[in-house]
Amino acid sequence: MSVVRGFVLTSLLVIASIGPATIALARQEPIAGEPMIVIVAPWQHALHVAARANGRFVAQGRVASIALVWSANPAFTDSLYAHGAWLVLNSDLSSILCRTE
């Protein structure tokens, strides 16, 4: 099995296992001025992307490519995408995706 095919199958299994309720939370738009989760490419660091977008650190994700960040800028979500974010979510999933220690 190729690496790409294995990755795709693994991704589909993960998506199927998180359930419809989690997906519904993830689909909610981030709210300007509220903390939001930024997910970047696995070879990037989410905090660096947030810093380039003039955001502030709130909590580190369980991996370096995920972080909970904040900015008062109403265009912060757009700025995160412009600086390389793959996905920006509201903070409802922060307890699952980010460290709370």
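Helices (H or I, at least four residues) and strands (E, at least two) are DSSP runs, numbered from the N terminus. The model is predicted: local features need pLDDT of at least 70 and side-chain atom pairs count only at pLDDT 80 or more, while totals for chains, interfaces and linings use all residues. Residues are numbered from 1 along each chain as its sequence is written, and side-chain values use heavy atoms, with hydrogens and water left out.

**Whole chain.** Start with a cartoon of the protein chain, which has four helices and four strands. Followed along the sequence, their pattern is α-β-α-β-β-α-β-α. Show the surface next: its accessible area is about 6,400 Å² (Shrake-Rupley method, 1.4 Å probe; for residues, only the protein chains shown count as cover). Carbon and sulfur atoms hold 63% of that surface. Of the 101 residues, 34% are buried (under 20% relative accessible area; exposed is over 50%, partly exposed in between; 1.4 Å probe, protein chains only). Among contacts (heavy atoms within 4.5 Å) with a separation of 6 or more, 66% join residues 24 or more positions apart.

Now centre on Phe76. Apart from neighbours within four places in sequence, Phe76 is in contact with Met36, Ala50, Ala53, Asn54, Gly55, Val69, Trp70 and Ser71.

**Ser65.** Move to the loop between strand S2 (56–60) and S3, where Ser65 sits. Is Ser65 buried or exposed? Ser65 counts as buried, because its relative accessibility is 11%. Neighbours within four places in sequence aside, its contacts are Val38, Ile39, Val40, Ala41, Pro42, Gln44 and Ala46.

Finish with Trp43, in the loop between S1 and helix H2 (46–52). Trp43 counts as exposed because its relative accessible area is 71%.
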